[in-house]
Amino acid sequence: MEPSAAWGVRWSAATSPMAKRYMEVANIKQSLVCLAADRNTMAGLFELMEAVGPHVAALKTHVDLVDDWSPEAWGAFCKAANEADLLIFEDRKFADIGKISRSQMAGIYDIRSWSDLVTAHLISGPDIVDGLQAGWNDVGRTGGVLLLAQMSSRGNLLHPDYTREVVEKGTAHDGVFGFIGNGSRPAELATLRSAVGEGKMIWTPGVNLAVGDGEMGQRYGDPTEAVLAGSDCIIVGSGIHKADDPAAAAAAYAEASWKGLLQRNG
Ligand code: 5BU
């Protein structure tokens, strides 16, 4: 199937090269799954990626939770991710002023040199997006920012008025790849999608085939419902990496997400 047929209006409306790259890979793998690779050893990360790579379209990292992190091991991990056709998304949740965010793209982890996408709060104002873009630019790379418009955790403070302002500012900025929406609440997601329109991505954590409450305030919604409500990518962590058979679990999430996309555009 051509990506334009699978993705419908999103294919023609979301014109950024990074969005197109993601939609193409998702189409080839028939998967709208981003693996939240929350393992804290390099060996665990390699093992996980090897098992689930064919079933997922992107890889989300938390570079600062790995116990035995080294630049060499991380470089090899990112190379393997690229070879598996995965966009690399560092969920750093930047929140500082523009110039500091730019500097934080460098430092020991050098996020600017290997990430394709990063998350950011817009709490400090819109210059954070320019700061992050300057970070990629400093090493001759390009990337996209996912702004937190909603969160999946209970009691979070991203209230509807805040969400509306994030969307207003974010949709107007070329450096913004899209928004994080709350995958655990399809109704909230549908509201977010109508505010965003068709031109930007919405990616959603808080998704699990076992709907309900997770650990420490996490909440989970159904993967297919999230896609039907307007999500373009379901971010799944423990549903895959804590499963007895991560490859089979990843395939099940891929199928649930792909079914949602075809139904959405059918
Ligand atoms: P889980 O194991 O599927 O619950 O993992 C969810 C991942 O998504 C984890 O890496 C979080 O940091 C991330 N996340 C989230 O759960 N909720 C949010 O609102 C945002 C990110 Br933003």
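## K93 and strand β3

K93 is partly exposed, with a relative accessible area of 29% (buried means under 20% relative accessible area, exposed over 50%, and partly exposed in between, with a 1.4 Å probe and protein chains only). K93 sits in strand β3; helices (H or I, at least four residues) and strands (E, at least two) are DSSP runs, numbered from the N terminus. The backbone at K93 has a phi near 50°, a positive value in a residue other than glycine.

Before going on, a word on the model: residues are numbered from 1 along each chain as its sequence is written. This is a predicted model, in which local features need pLDDT of at least 70, side-chain atom pairs count only at pLDDT 80 or more, and totals for chains, interfaces and linings use all residues, while side-chain values use heavy atoms, with hydrogens and water left out.

## The chain as a whole

The chain has twelve helices and ten strands. Its radius of gyration is 17 Å, close to the 18 Å that the globule rule gives for 266 residues, so the chain is as compact as a globular protein of that length. The radius is taken over C-alpha atoms, and the globule rule is 2.2 Å times the number of residues to the power 0.38. Along the principal axes, the C-alpha atoms fill a box of roughly 45 × 40 × 40 Å.

How much of the chain is buried? Buried residues make up 53% of the 266 residues. The chain exposes about 11,200 Å², and carbon and sulfur atoms supply 52% of that area; accessible areas come from the Shrake-Rupley method with a 1.4 Å probe, and for residues only the protein chains shown count as cover. Among contacts (heavy atoms within 4.5 Å) between residues at least 6 apart in sequence, 70% join residues at least 24 apart.

## The largest pocket

Rolling a probe the size of a water molecule over the atoms shows where empty space is left. Here, the search uses a 1 Å grid over the protein atoms alone, and a pocket is an open set of points where a 1.4 Å probe fits, with protein on both sides within 12 Å along at least five of seven lines; lining residues have an atom within 4 Å of a point. Grid points are joined across faces, edges and corners, and a volume is the space filled by probe spheres set on the points.

About 740 Å³ of space lies in the largest pocket. Its lining holds 31 residues, and D38, S152, P205, Q218 and Y220 lie nearest its centre. Strands β3 (87–94) and β10 (233–236) and helix α11 (238–241) are the elements that give two or more residues to this lining. By class, the lining has eleven nonpolar, 14 polar and six charged residues. In this scheme Ala, Val, Leu, Ile, Met, Phe, Trp, Tyr, Cys and Pro count as nonpolar, Asp, Glu, Lys and Arg as charged, and the others, Gly among them, as polar.

## The second largest pocket

The second largest pocket holds about 270 Å³ of space. Of the 15 residues that line this pocket, Q150, L158, P160, T163 and E188 are the closest to its centre. Which elements give two or more residues to the lining? They are α8 (160–171) and α9 (186–196). The lining is made up of six nonpolar, six polar and three charged residues.

Helix α8 also contains T171, which is partly exposed at 31% relative accessible area. Leaving aside neighbours within four places in sequence, T171 is in contact with F179, V196 and K200. T171 and A195 are 24 residues apart in sequence, and their C-alpha atoms are 9.5 Å apart in space.

Is A14 buried or exposed? A14 is buried, with a relative accessible area of 1%, and lies in the loop between α2 (9–13) and α3 (17–29). Beyond the neighbours within four places in sequence, A14 is in contact with A19, K20, M23, E198, G199 and M201. A14 and M49 are 35 residues apart in sequence and 28 Å apart in space, C-alpha to C-alpha.

N40, in the loop between β1 (33–36) and α4 (42–52), is partly exposed at 40% relative accessibility. Not counting residues up to four places away in sequence, N40 touches L65, V66, D67 and D68. D110 is found in the loop between α6 (98–104) and β4 (117–120) and counts as partly exposed at 24% relative accessibility. D110 has a positive phi of about 50° although it is not a glycine.
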